Amino acid sequence: MARLGSRQRRLHLAAIGFILPALIIYALFVLYPLVVSLWGSFFQWRGLRQMGFIGLGNFARLFVFPNEARFTGAFWHNVAWFFGIMVFQDAVGLIFAYLLFWRKKFGLFLQSVFFFPAVLSPVIVGVLWRLLLAPNGLVEWLLNSAGLHEGRLTVLSDSTYALWVLMAIDAWNWMGLPVLIFAAAFRQISTEVFEAARIDGANTARILWSIALPLMIPAISSVTTLTFINAFNQFDIVYVMEGVQGEPNFATDLLVTFFYRLAFGSVGATGITDIGLALALGTVLFLIVTVGTILLLRAFDRATVRG
Amino acid sequence: MRFSAFLKTLPGWVVLLLWTVVVLLPLYALVISCFKSTAEIYADPLGLPPRWDAGNFANAWFTLNLGRNLVNSLIITVGAVIVTILVSAMAAYPLSRYDLKWGPWMLLLFLAGIMLPIRLASVELFNLVKALGLIDNLFGLVLVYIAVRIPFAVFIFANFMRTLPRELEEAARIDGAGEVRILFQVILPMVIPAVSIVAIFTSIAVWNDFFFPLIFIFSDENKTVPLSIAGFIGQYRTDWGTIFASLGISLAPVLAMYLILARQIREGIGTTGATK
């Protein structure tokens, strides 16, 4: 190996010095707990004490009564959340962004209006909508006045609708994000592309679908990946609006709320925790999120090359 | 001709107007409900309050100790933002501008943190914070937030620093400037947009976070605004006027910041999200 020049060596030392503070904090509070959690999911736990190695024992317990129903229920709620947000937030946001793109000046102003809920804490958003959707709340009043509904509005305690209502509120909260990303992507496409398509007689929908979208794969990739990561990390809105049990009757239970109950106990300090099961669930979720994210990014990468 | 052109854009305007109403109506209801009694909210949720009575605000302020919560949130946010910017800019500088064999791997290690679901490690994180004696402590919360926000910050700084011309630091080196001086006096002033993107997104994420205070904070005097509000709705669920006022108070600083920074936020998200 060639000896490094003294200047090279000095830079090398400087680099280490520069990186070390960030690396120490990041390694200590992110990487270390993560690795220890993954490792710990293969051990038996008594309370907060780690006992012997049991291989996949904790994972097996995820798939038997009574955990199996909670686990699969929460998993499918997360999957529904991802696809629900993809449609109600991201696809709708794409249409909004397209409409805003053609309305130059006023479009920018509306983008900022649409984004405002995204700077609010999901806790504030959840509490606000919990009151608006409660019996006697604004939504009931509006629906009753318009003659679309009669009597008490109980969507939040109705297991048929509750999950969809929460998704809609999440979409209300974050609609501005896909709108901003897609609007920026539209602006990067040269206007001549649109002009040429117009002259060729393509209508608006056709321009959007076959000309703009293939050029916007990087933006679609970011939005889809962000939606995926956020869907499987969802917690705050459910906790604030339906409690940590995912009321009514676990209809809005998600993997992270399930994890929270296993790791820290339910509200009211029933205090029954199951660390082994919590860590196993954490490992499963870790695999879902990392593998899913990598697969999504690779699929979009390939689409970009072909496009 | 002109009228028919307008007619063609009309459906688009209707759609956009509809969503504007969906966004603004709940916020309007929030603001006017702050000044009403619960009975008045039930009776007429959209009407202006009969009198502009600040009683709800006083009630919310004192029963929740909101002043203290706001100060806590502010301390945590400012602390986390400053340190995150400092250590991330330092780490991004050699990773984006030096010729290091292990540089790309180190960068990848940092960037992996953007997608790592750190909430799932919260049991071990709790044990760690406890071992450090930082449970129910604002400083412990700040450390966790810095660690969680470093990956995104390094990503942004590295992307911005990579585009600067090489001659920049070469000239400074020939003049005999040390590496620390080059970073803070030559490179950092050139990436001010990156600093503002990191500052804005870190402060939004930290100010709004609920999960970590829920796990790490127990005493009332250390609660942040979201934690305090979430506990409040459980206890006082029937006193709507006061709950709305508490939302109003916690929303006010965010709204003020948004009115000032809306353009930067819009452009910041556009540049980071639409490209790779």
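Domain bounds here come from an automatic or database domain assignment. For chain B, that assignment gives domain 1 (2-43) and domain 2 (65-235). The centres of these two domains of chain B, taken over C-alpha atoms, are 37 Å apart.

A quick word on what you're looking at: this is a predicted model, where local features need pLDDT of at least 70, side-chain atom pairs count only at pLDDT 80 or more, and totals for chains, interfaces and linings use all residues. Residues are numbered from 1 along each chain as its sequence is written, while chains are lettered from A and ligands numbered from 1 in the order in which they are written.

Now turn to chain A. You'll find 14 helices and two strands in it (DSSP runs, numbered from the N terminus: H or I with at least four residues for helices, E with at least two for strands). Chain A is more spread out than a compact globule, because its radius of gyration is 24 Å, well over the 19 Å that the globule rule gives for 307 residues. That radius is taken over C-alpha atoms, and the rule is 2.2 Å times the number of residues to the power 0.38. Along the principal axes, the C-alpha atoms of chain A fill a box of roughly 80 × 70 × 30 Å.

So much for chain A; on to where the chains meet. Here 71 residues of chain A are in contact with 70 residues of chain B (C-beta atoms, placed from the backbone, within 7 Å). On the chain A side, helix H1 (residues 6-40) gives the most, with 17 residues.

Terms used:
Contact = placed C-beta atoms within 7 Å.
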